[in-house]
Amino acid sequence: MSGRSDDNRPVGKDRPLWTRRRFGIAVLAAALTLGPLAAWAQTQIYDARTKKWVNYDKKKARQYFARNNQLPEAFRRQVVTFRTAEQPGTIIIDGNQHFLYLVQPGGQAIRYGIGVGREGFGWAGIVRVGRTAEWPTWTPPAEMVARDPNAAKWAAGMPGGPDNPLGARALYLYEGDQDTIYRIHGTVEPWTIGLDVSSGCIRMNNDDVIDLHSRIEIGAKVIVLMQGAALYKGV
């Protein structure tokens, strides 16, 4: 069964498996370009034992990962049915559900779990992959250096490696020829996938970002649908 319920919510196959977002206020319907956006929802996962949706916060996420040494099923890499007018090779990011889709031929996509911007750091826009890097150097932006003492010591750049916040790979997002300062990258904190935790970058576990990096081409279109945001074009 698929379709929508009487209150227009997806049901059956059209409803995302294992994860959803509960909205406290109405969804913003506006034409947005790159810029900050508040996070308005609480991530939830389905508890098969209690048969209830439960809040999935940073503490519970870390406990789950410690217990299972992996993410909840929804946030693991998988091929899903996906209808879009976008060309194969396009990345579509659903920040509300914490999914990144890499569009494939034949009405399918590879879906990856992601972590996204915490409250006040969400954004939306249409950008492109300007360049990529393996085991990238992390250079925190001036704004982060100013507000975060831990970042300040790496103002000149932190070499790539297993302790680097950008993880194993990075895709640098550009608007035209301008670096947006946002990246899709790995993480040293895989339990944060599925949460609103970053300063605006899209984080993935290292195995997933290595897989994505191996499939993506420079110049690939990236559509970011972030918390409470709707785009006026592109989808």
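**Figure 1. Arg169 in strand 12 of the predicted model.** Arg169 is a residue of strand 12 in this predicted model. Arg169 counts as buried because its relative accessible area is 12%, and the cut-off for burial is under 20%. Beyond its neighbours within four places in sequence, Arg169 is in contact with Ala133, Glu134, Trp135 and Pro136 among others. Further contacts of Arg169 include Ile184, His185 and Gly186, as well as Val209, Ile210 and His213.

**Figure 2. Trp135 in the loop between strand 11 and helix 2.** Trp135, one of the residues in contact with Arg169, is located in the loop that runs between strand 11 and helix 2. The phi angle of Trp135 is near 40°, a positive value in a residue that is not glycine. With a relative accessibility of 41%, Trp135 is classed as partly exposed.

**Figure 3. Pairing of strand 12 with strand 13.** Strand 12, which covers residues 169-175, pairs with strand 13 in the antiparallel sense, and the pairing comprises 5 bridges. Leu171 has Ile184 of strand 13 as its bridge partner, while Tyr172 stands opposite Arg183 of strand 13. The two strands form a hairpin with 2 residues between them, in which Gly176 adopts a positive phi near 65°.

Figure 4. Ile181 is a residue of strand 13. Its phi is positive, at about 75°, although Ile181 is not a glycine. Ile181 counts as partly exposed, with 45% relative accessibility. Strand 13 also pairs with strand 15, here in the parallel sense and over 2 bridges. In this pairing Ile184 stands opposite Ile202 of strand 15; Ile184 is also the bridge partner of Leu171.

Figure 5. Helix 2 (142-147), helix 3 (149-152), strand 13 (178-185) and strand 14 (196-198) each contribute at least two residues to the lining. Strand 13 provides the largest share, with 4 residues. By residue class, the lining comprises 15 nonpolar, 7 polar and 10 charged residues.

**Figure 6. The whole protein as context for the close-up views.** The protein contains 4 helices and 16 strands. Of its 235 residues, 44% count as buried, and Arg169 belongs to the buried class. Among the contacts with a separation of 6 or more, 62% are between residues 24 or more positions apart.

Terms used: Residues numbered from 1 in each chain as written. Predicted model: local features only at pLDDT ≥ 70, side-chain atom pairs only at ≥ 80, totals over all residues. Heavy atoms only, no water. Nonpolar A, V, L, I, M, F, W, Y, C, P; charged D, E, K, R; others polar. Pairing = 2+ DSSP bridges. Buried < 20%, exposed > 50% of the residue type's maximum accessible area, 1.4 Å probe, protein only. Contact = heavy atoms within 4.5 Å.
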